[in-house]
Amino acid sequence: MKKQIFLTVSAIFLVFAASFFGCSAKSKNNDMFFNEMKELLKSHALVVAYDDGTVKTYDDKGIQPLFKHLESGNFKGAYVFDKVTGKASALILVYGEAARLHTGILSKEAIPVLEKYNVKYSADKIVDYIINRSGDDKCPMEKTVSDIDDPQEAYITLKERFGQ
């Protein structure tokens, strides 16, 4: 009986240890991946990474990198690293089925969109809203989608107004 209890306790310990150390190794790899992608973001406007190891970078300004990426497919399952993410960008990411987002600057207006559609996110800084390039008004893309909550409608509207 004592031997059986000892084996059961030993088995539980081994399962616990394996899962604990497995999670630690996975976490360490995730941290390394995250830091590498953030480093890429320093020299690009947008970085899109997939679980299969594919990484795509874009250097255009504004919302153009998101549209360019959608021309070649979608964001399905991707981890997106973006310099600035407002509601317009969040709606485009949801439309393209992104799974995760890290951004340098995230607007408070984008957060409900990301949460509603279960896009995991993190940000270096959260602001009330995204400002335009001259710094004297709200971003025109943000104004365009202020009353839009449907990702497909936002994509069509933004594509017509700001797309290529």
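Two strands count as paired here if DSSP finds at least two bridges between them. Helices (H or I, at least four residues) and strands (E, at least two) are DSSP runs, numbered from the N terminus. With that in hand, six bridges join strand 3 to strand 4 (residues 100–107), and the two run parallel.

This is a predicted model, so local features need pLDDT of at least 70, side-chain atom pairs count only at pLDDT 80 or more, and totals for chains, interfaces and linings use all residues. Residues are numbered from 1 along each chain as its sequence is written, and side-chain values use heavy atoms, with hydrogens and water left out.

**Confidence**

- The protein has a mean pLDDT (the predictor's confidence in each residue, from 0 to 100) of 84, and 81% of its residues reach 70 or more.
- Among the elements, helix 4 (residues 111–116) has the highest mean pLDDT, 98, while helix 1 (residues 2–41) has the lowest, 54.
- Over residues 1–26 the pLDDT is below 50, and beyond near neighbours in sequence this stretch has zero contacts (heavy atoms within 4.5 Å) in the model.

- Five strands make an open sheet with mixed pairing, in the order 2-1-3-4-5.
- Strand 2 (55–58) and strand 5 (120–127) sit at the edges with a single partner strand each, so one side of each has no neighbour in the sheet.
- On average, neighbouring strands of this sheet are turned by 10° against each other, direction ignored.

**Strand 3 and its partners**

- Five of the seven residues of strand 3 (residues 79–85) are buried (under 20% relative accessible area; exposed is over 50%, partly exposed in between; 1.4 Å probe, protein chains only), so the rest of the structure largely encloses this strand.
- Strand 1 (residues 46–49) pairs with strand 3 in the antiparallel sense over four bridges, and Leu46 has Asp82 of strand 3 as its bridge partner.
- Towards strand 4, the bridge partner of Val84 is Ile105.
- From strand 3 the chain crosses through helix 3 (residues 87–95) to strand 4, a right-handed β-α-β crossover; right-handed means that, with the strands pointing away from the viewer, the path from the first strand over the helix to the second runs clockwise.

- Strand 4 and strand 5 pair in the parallel sense over seven bridges, with His102 opposite Ser122 in strand 5.
- Helix 3 packs on the sheet, touching strand 3 and strand 4, and its direction makes about 160° with that of strand 3.
- Helix 2 (residues 64–71) lies across strand 1 and strand 2, running at about 140° to strand 2.
- For these angles, axes are lines fitted to C-alpha atoms, for helices over the stretch in contact, and angles run from 0 to 180 degrees between N-to-C directions.
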